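The sequence and structure come first.

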Amino acid sequence: MVMVPIMSQDTDHDEEERNNLLPVLTRAIPSISSYEHVGDRIVQGNAVGNRVLVRHASTSSSSEEDAGSSSSSIQPTTTTTMSQQHLFVKLVDAVAYQHKPWADLRRTLLYARTEVRFYNEFVPLLGLEPLVPNCFHAHCDLGGLIDDDESATAIFSSGTKTKTSHTNNNDQERNHDHEKDARILRGKGGCIILEALNVVVDPIRVSSPSPSMSINNNSANKDAVDHNLHDMTGDMIPNGGKRWMQASPLTPPQALQCLKTLAKLHASSWQDKDILTRASERLCDTGGSYHLQIRNPNELKNMAQSWDHFYDNFQSVAPPELWNRTSIRNLGKRIQAIAPHVSNELTPGLSIGEYATIVHGDYKAMNAFLPVPSSLKDGGEDEHKMDRDDDDDDDVYMIDFASAGVGLGMSDVAMHIVHAVRPCDLKDGGEEQLVDGYLRALNAALRHSQTKGSSSSFGVVHAYPTHVAMRHYRLGCVDYLRFILGRFWCSATLESFEAKKGNQNTTLINRDVEAAMRFIEKVDIYLEEFETENERD
């Protein structure tokens, strides 16, 4: 048990105890003797991130001859050596989310459980260590709240979980109990401790370590800019001193680099029924942070109204030739009607269908750390070298596997490209080139896996035919628009886009008008294909 015990009442003492990470750190790594925070805590809706500098104390014994003794006796001596290290601690403390309805609290806790299981069980099983930051500790305790074998898949209705075969009969009782008495939540939650990466905040200027997690805070990163890397990390520079960067939007070479690493993740479990069956039981049988099955059904129910709101609020900046189309005017109703078909097509199901794999589930740009090209590591280079392919064989580090599970890899690809690649870079075949680059990397990884004698079964060299992959990509784009429209565009305005325009953690289509319009135009075309397909079926 690694969570700091939290009392049910929010006293100053309890808050101090909650913020004390030493019990968490020492239970995970006993050699830690002290720590200090680096920057502010990073708080988001489902977790809290802490960048810390920890100090390790180690002792060694030796024997020395006592020169002052007539008997020349041997005296034992003990030496204590101190070293330091940067870590990133991600905490999910159930007490902190007591205010949430049970359905939302359950989702938060299951995100933590999924990510802990991914690091503990699937990273070593699939040999994914080169693709993720070093994980020193991952633990989750949901005892008394969620059964260990309870599925992460649930259906929600108006904030209350609807009974399904996946849910536990005690859910309604738990819903009332946790709201009345936080003691049942005490000590429940999850903890993940990762290495902190040396992150370049400015592509040309190297700064101090940043968190290797998906909890992003631009101002917190900037706080560290003026610290000297060596002074901050001493003799324990993480990851051998390798330096990393994050960016959004991504240039095409950067996006391709991310997709090449994604392909290796997908190849590691590609059509392997045993592994995928285990993933559906231990992670999620419908991978993805926005899968229709885990979203609030009100999002789909209100899809037409959400689109009407967006249509009216963005009419002044929309291209008239696009906005005047009947198909665009009715886009919300069309998405609402086609959504179940699209979701079914993107869900391999319990039979572990063809092209199934373990998907990341939330592969946005800020969930990837790119290695800084070697030409920049000494500084003073042209920033445009960041776009070149000198080091494009270096894997990126992927983070945040809270939504990992069984799915189709093109869902990850579609989200990644839409989330962070500028419309101008997708024109004139740019989008197809990115998808093709992913497919080449996937097929290369599958051939490598075959050479090593993997048990995965994909009887042809090209395991993901281009025409099939592109169809899945188009489905993924439609599905992503369904999520964005139901979750964000229902309240979007020109003012909200303006406020978010510099937020790298926000998808481009929710902060850039041009990106939104280009995506709408594209999905309009894709919808025609799947509407015809659905009518035939």
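## Arginine 474 and glutamate 529

Arginine 474 and glutamate 529 form a salt bridge through their side chains, with an N to O distance of 2.8 Å. A salt bridge here is a side-chain nitrogen of Lys or Arg within 4 Å of a carboxyl oxygen of Asp or Glu. Arginine 474 belongs to helix α17 (residues 466-489) and glutamate 529 to helix α19, so the bridge ties together parts 55 residues apart in sequence. Helices (H or I, at least four residues) and strands (E, at least two) are DSSP runs, numbered from the N terminus. Glutamate 529 is partly exposed, at 29% relative accessibility; buried means under 20% relative accessible area, exposed over 50%, and partly exposed in between (1.4 Å probe, protein chains only).

## Basis of the values

The model is predicted: local features need pLDDT of at least 70, side-chain atom pairs count only at pLDDT 80 or more, and totals for chains, interfaces and linings use all residues. Residues are numbered from 1 along each chain as its sequence is written, and side-chain values use heavy atoms, leaving out hydrogens and water.

## Two further pairs

Arginine 334 and aspartate 524 form a salt bridge with their closest N and O atoms 2.7 Å apart. Arginine 334 sits in helix α13 (residues 331-345) and aspartate 524 in helix α19 (residues 513-536), so parts 190 residues apart in sequence are tied together. Both arginine 334 and aspartate 524 are buried.

Lysine 264 and aspartate 395 also meet in a salt bridge (2.8 Å, N to O). Lysine 264 is in helix α7 (residues 252-267), and aspartate 395 is in the loop between β13 (368-371) and β14 (397-398), 131 residues apart. Lysine 264 is partly exposed at 35% relative accessible area, whereas aspartate 395 is buried at 18%.

## Whole structure

The whole structure has 25 salt bridges.
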